[in-house]
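Please read them alongside the sequence and coordinates shown here.

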Amino acid sequence: MADDPHADRRDRARARLDGLDADGLVCFPSRNLQYLTGFAEEPGERHLFLVIPREGEPAFLVPELYETQVRDATTVDEVRRWADGDDPTAATADLLDDRGLRNGRLLVDDTMWARFTQDLRTAAPDASWGLASEAVADLRVRKDDAEIAAMREAAAVADATVEDLRELGANAVGMTEAELADYIADRLAANGGDGTSFATIVGAGPNGAKPHHHRSDRTIEAGDPVVLDFGTRVDGYPSDQTRTLVFDGEPADEYATIHEVVREAQAAAVDAVEPGVAAESVDAAAREVIEDAGYGDAFIHRTGHGVGLDVHEEPYIVAGNDRELQPGMVFSVEPGIYLDGRFGCRIEDLVVVTESGVERLNTTDHGWGV
């Protein structure tokens, strides 16, 4: 058990409950459940809960058809089952009663579907409620060595795919954004990744000025700056990387200038990362470069976001966030400039806060030429 990182995480989550005046934690299929047990599953229509009491051992309540999967995937000793035809709310009430939680303060998974939170309220009508993030978020924000190793490998897969895109070169001209997104997915898999970690963004020409444009049937043309934002997963952990490339021809004159401003802003932000620095200071470092160049109004999003089992999580690299960076935090650094109706430019790497500074997880060239 001592060698099981998930058991250690459950112990640390339990230890936080006392200081939060909470009696128990209830998770359902989510990234929190995966973090605490290693069991990864999408939410479904059946009741599946992990209960971690402040006192006593954790227990699963699962549909009968999941019992073997849960036992194989986790080290939680007690796995209670309920069968189709049983009343899962009554089974939930029994488990909470056995753990002395029917009238306590329970922290419920932030993303739990409303139908299940309602059934929990029925099962424990005298309980009071809070959010699981109170106990889990500060644990998840600092990654352990195994988590960082997985993200380092996922970043290497993304880097290899960037190199594939550069080799594609002028052959990308004439492809649609959707076709290039499919090509990226194929290369991520060929380079060792597990699927895509989010919907791949391919924004060519004016579509690149929409930061969260995904893909369309627009054909990539010579001279188009193409914003390429993608990632994959390794051992459940994602990569997230952006490069803006011109596959053939010459872009608009202003583009080379803008790309260099974004590159300098990204470098300044990465250079600002070290333990004890406020998250907002990293955002300010990138923003200052872009504002000084006269494009402040065209940088329309935060500089970055934390990355872990969720692609977007704490810490957020944004103005107003005075949270101090700590070793083990992983986040994106991704300034951008977007000229509506013309083009956009974004450069993104993932970084890890180390004991003495920062490590880039992505190492490919930032240049726009292929």
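**Notes on the predicted model**

1. Helix α5, comprising residues 114-123, has Phe116, Leu120 and Ala123 as buried residues. Viewed down the axis of α5, these buried residues fall within an arc of 60 degrees, so they line one face of the helix. Here buried denotes under 20% relative accessible area, exposed over 50%, and partly exposed in between, with a 1.4 Å probe and protein chains only. The arc is that of the directions from the helix axis to the C-beta atoms. Ala114 and Thr122 are exposed and sit on the face of α5 turned away from its buried side. The cover over the buried residues of α5 includes β1 (24-27), β2 (49-53), α4 (88-98), β5 (105-108) and β6 (128-131).

2. On provenance, this is a predicted model, in which local features need pLDDT of at least 70 and side-chain atom pairs count only at pLDDT 80 or more, whereas totals for chains, interfaces and linings use all residues. Residues are numbered from 1 along each chain as its sequence is written, and side-chain values use heavy atoms, with hydrogens and water left out.

3. The secondary structure of the chain amounts to 10 helices and 18 strands. These are DSSP runs numbered from the N terminus, helices being H or I of at least four residues and strands E of at least two. The C-alpha trace spans about 70 × 40 × 35 Å along its principal axes. For 370 residues a compact globule would have a radius of gyration near 21 Å, and the 23 Å of the chain agrees with this. The radius is taken over C-alpha atoms, and the globule rule is 2.2 Å times the number of residues to the power 0.38.

4. Of the 370 residues in the chain, 54% are buried. The accessible surface comes to about 15100 Å², and carbon and sulfur atoms account for 43% of that area. Accessible areas come from the Shrake-Rupley method with a 1.4 Å probe; for residues, only the protein chains shown count as cover. Among contacts between residues at least 6 apart in sequence, 65% join residues at least 24 apart, a contact being heavy atoms within 4.5 Å.

5. The chain carries 34 positive and 74 negative side chains, and the centres of the two sets lie 4 Å apart. Lys and Arg count as positive and Asp and Glu as negative, while His and the chain ends are not counted. Each charge is placed at NZ of Lys, CZ of Arg, CG of Asp or CD of Glu.

6. Which residues does Val26 contact, leaving aside its neighbours within four places in sequence? They are Phe49, Leu50, Val51, Leu107, Val108, Asp109, Met112 and Leu120. Val26 belongs to strand β1 and is buried, with a relative accessible area of 1%. Its C-alpha atom is separated by 44 Å from that of Ala204, which is 178 residues away along the chain.

7. Trp129 is placed in strand β6 and counts as partly exposed at 22% relative accessibility. Beyond four places in sequence, Trp129 is in contact with Arg105, Leu106, Val108, Leu120, Arg121 and Ala124. Trp129 and Val108, 21 residues apart in sequence, are 7.1 Å apart from C-alpha to C-alpha.

8. Two loop residues may be set side by side. Thr200, in the loop between α8 (177-190) and β7 (201-204), is buried at 2% relative accessible area. With neighbours within four places excluded, Thr200 contacts Ala181, Ile184, His214, Arg215, Asp229 and Phe230. Arg54, in the loop between β2 and β3 (59-63), is partly exposed at 26%. With residues up to four places away not counted, Arg54 touches Arg14, Leu17, Asp18, Ala22, Asp23 and Gly24.

9. Most residues other than glycine have a negative phi, and most peptide bonds are trans. Asp21, in the loop between α1 (5-19) and β1, has a positive phi of about 55 degrees although it is not a glycine. Asp21 is exposed, with a relative accessible area of 56%. Asp235, in the loop between β9 (233-234) and β10 (237-238), likewise has a positive phi, near 55 degrees. Asp235 is exposed at 66% relative accessibility. The peptide bond from Glu314 to Pro315 is cis, with omega near 0 degrees, and Pro315 lies in strand β13 (residues 313-317).
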